[in-house]
Amino acid sequence: MHREHLVAAAPGVTLWAEERGDADAPALLLVMGAQASGLAWPDELVDALAAHHRVIRYDHRDTGRSTWSYETEPYAITDLAGDALAVLDALGVDRAHVVGMSLGGMLAQLLVADHPERVRTATLIGTCALSTAPYTAPDGTVTPVDELPPIDPRVLEMWANYPEDLDMEAELDWRVEHWRLLSGEEIPFDAQEARALERRILDHTGHARVSTAHGRAEQSGMLRTEALAATDVPTLVVSATAEPVFPPPHPQHLAQAIRGARVVEIPGMGHALPGPVLEPLAKAILTHTRA
């Protein structure tokens with residue numbers, strides 16, 4: 001079953017959402033990263049999860065078919081966590097398994113910390129801990145959070161130098177090269193696969209404009225050190241060996257910061273969801289949600 005919805009998340013803000021799978025199966029909410037439409041979750045992964053779950057994905061504000069509102073009504077990143085709850089509320093979901101990638105992993109942590117009664121399990125991919133707790137390596141070395149490995153400078157350079165006023169094909173070219181960099185260097189990059197996904201997202205959105213809202217939105221008030229250290233929500237952290245944005249040991253630090261969290265490693269994975277990682281990722285998520 002494939003069902004689409006428009007969800008009222010806040011005054012003047014409507015979010016596009018989609019469901020797949022049995023409506024009576026346990027709900028699983030997919031929360032994508034910054035500037036990313038819900039369609040950035042590949043259909044192959046969504047369908048694999050939908051074999052066992054009522055899978056829900058949605059477009060953040062200022063992406064896809066949701067309201068593009070930041071220029072007239074600025075919001076904070078924490079408001080995006082409220083949007084995730086609004087989607088669950090609108091679809092009648094009391095508790096869901098939550099899978100978040102990148103910024104979506106941060107939003108998932110906010111849900112774990114602030115609304116644990118709504119989260120059955122959490123799976124965190126390609127993200128960092130909303131915690132000031134230091135990282136303790138296996139050899140006992142303690143590293144403060146601000147000394148963990150930074151984002152690959154090549155990624156930062158690409159983000160800082162986005163060319164404006166690109167036409168559709170030039171925008172696709174830029175996005176493909178962006179995914180090439182984010183995918184890391186361990187799995188051969190499939191440019192055609194990346195281009196096909198982005199073309200679907202552009203068709204879904206209806207234009208090639210790109211919002212920088214999530215990068216400009218207020219980011220204060222996101223730390224949840226104590227709540228994450230005390231949570232009872234079962235949490236899985238995916239460690240991607242080729243991750244250029246939050247490279248190891250960020251996943252290991254994340255797992256230390258969240259009480260009871262465990263780590264699963266997906267060799268070759270970067271900050272992206274190409275075909276070769278989808279089967280092991282789906283297996284890891286489904287194993288976690290069944291536990």
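Select Glu19 and Arg3: their side chains meet in a salt bridge, 3.5 Å from N to O. Keep in mind as you look around that this is a predicted model. Glu19 sits in strand S2 (residues 13–20) and Arg3 in strand S1 (residues 2–10), so the bridge ties together parts 16 residues apart in sequence. Both Glu19 and Arg3 are buried.

Now pick Glu18 and Arg57, another salt bridge, at 2.7 Å from N to O. Glu18 and Arg57 are both buried.

## Stop two: a bridge between helices

Next, select Arg195 and Glu169, which form a salt bridge with their closest N and O atoms 2.9 Å apart. Arg195 belongs to helix H6 (residues 191–205) and Glu169 to helix H5, so this pair ties together parts 26 residues apart in sequence. Arg195 is partly exposed, at 23% relative accessible area, and Glu169 is partly exposed too, at 36%.

The whole structure has 22 salt bridges.

## Stop three: H4 against H5

Show helix H4 (residues 153–160) with helix H5 (residues 168–182); their axes come within 10 Å and cross at roughly 160 degrees. That makes H4 roughly antiparallel to H5. The crossing is left-handed. Which residues of H4 and H5 make the contact? Select Arg154, Val155, Met158 and Trp159 on H4, plus Trp174, Glu177, His178, Leu181 and Leu182 on H5. By class, that contact has six nonpolar, one polar and two charged residues.

Notes
Residues numbered from 1 in each chain as written. Predicted model: local features only at pLDDT ≥ 70, side-chain atom pairs only at ≥ 80, totals over all residues. Heavy atoms only, no water. Axes fitted to C-alpha atoms, helices over the stretch in contact; angles between N-to-C directions. Helix = DSSP H or I, 4+ residues; strand = E, 2+ residues; numbered from the N terminus. Parallel < 35°, antiparallel > 145°, perpendicular 65-115°, else oblique. Left-handed = near helix turned anticlockwise from the far one by under 90°. Contact = heavy atoms within 4.5 Å. Nonpolar A, V, L, I, M, F, W, Y, C, P; charged D, E, K, R; others polar. Salt bridge = Lys/Arg side-chain N within 4 Å of Asp/Glu carboxyl O. Buried < 20%, exposed > 50% of the residue type's maximum accessible area, 1.4 Å probe, protein only.
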